[in-house]
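Dear colleague,

I am passing on the structure below for you to look through. My notes on the protein surfaces that face the DNA follow it.

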There are 2 protein chains.
Amino acid sequence: MRSLDHPQLSSVSLSDALAALADPTRRAVVRVLTDGREHLAGDFDLGVAQSTLSHHMKRLRQGGITHSRPDGTRCWVSLRPEFDARFPGLLRTVLGLDTEETRS
Amino acid sequence: MRSLDHPQLSSVSLSDALAALADPTRRAVVRVLTDGREHLAGDFDLGVAQSTLSHHMKRLRQGGITHSRPDGTRCWVSLRPEFDARFPGLLRTVLGLDTEETRS
DNA sequence: ACAATACATCGATGTTCGTCGAACATCGAT
DNA sequence: ATCGATGTTCGACGAACATCGATGTATTGT
């Protein structure tokens, strides 16, 4: 695997970010990542096919939310710290509202 | 026009709300509504066909964000006050981030 | 060299979306 | 009864989406 594309944060629109966060599977990924550490892409067990998860990872990247760092055959995923500078408070607000009651 | 359907807020998921807010035309509607008053559906001039606007109004209703009150041949639209109880701070956060720089 | 691993990408499928024009329904006014 | 205004709904369209299995591609380990 050789270098995945990460957009400049300035080119990520609010629509892009909200659309990325509107999917429950993707929010589940982001929720895991809020511990601030890197996680292996393969460690997410969200009940979707491997190719589907890869697709969601791409959308999260394109939404400026996550960073993917290939490492050998594997891929480390983490939150993009600059995201909060572009959309202050958005992640905290959305994840704070993402509970059993509001999830779907 | 006879009584449009408004979902119970408890049945509106975070995904529904975020998807409703992910569209720039719909956010433009919500932005106008933040003055707290009712607005005529026809007063929104957002550069889309009338039928398209009606479609967006429907999605905003389904997202639990707005309320539509038919009145004769016209339709008054306003924010649903209970929305903020279901998703505290979401509207304020999203609209606060919806600037020239992040819009698209 | 070879096989296995971990992920991306491709191709396909069915669904949803945003958009439009046209048709329809309701109401107020003439 | 008719007309015009205001919205909704319908039907259609291309684009995008979520999903899958299969294939491709590096890389690590044997």
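Near DNA strand C, at least two residues of the surface are supplied by each of three elements, namely helix H3 (50-62) and strand E3 (74-79) of chain A and helix H3 (50-62) of chain B; here helices (H or I, at least four residues) and strands (E, at least two) are DSSP runs, numbered from the N terminus. The model is a predicted one, in which local features need pLDDT of at least 70 and side-chain atom pairs count only at pLDDT 80 or more, while totals for chains, interfaces and linings use all residues. Residues are numbered from 1 along each chain as its sequence is written, and chains are lettered from A and ligands numbered from 1 in the order in which they are written.

H3(A) gives the largest share of this surface near DNA strand C, with 5 residues. In total 27 residues surround DNA strand C, the closest being Gly42(A), Ser51(A), Ser54(A), Ala49(B) and Ser51(B), where a residue is near a strand if its C-beta atom, placed from the backbone, lies within 6 Å of it.

Turning to DNA strand D, 28 residues lie around it, and Ala49(A), Ser51(A), Gly42(B), Ser51(B) and Ser54(B) come nearest. At least two residues of that surface come from each of H3 of chain A, H3 of chain B and strand E3 (74-79) of chain B, with H3(B) providing the largest share, 6 residues.

As for H3(B), Gly64(B), just after this helix, takes a positive phi of about 75°.

With best regards
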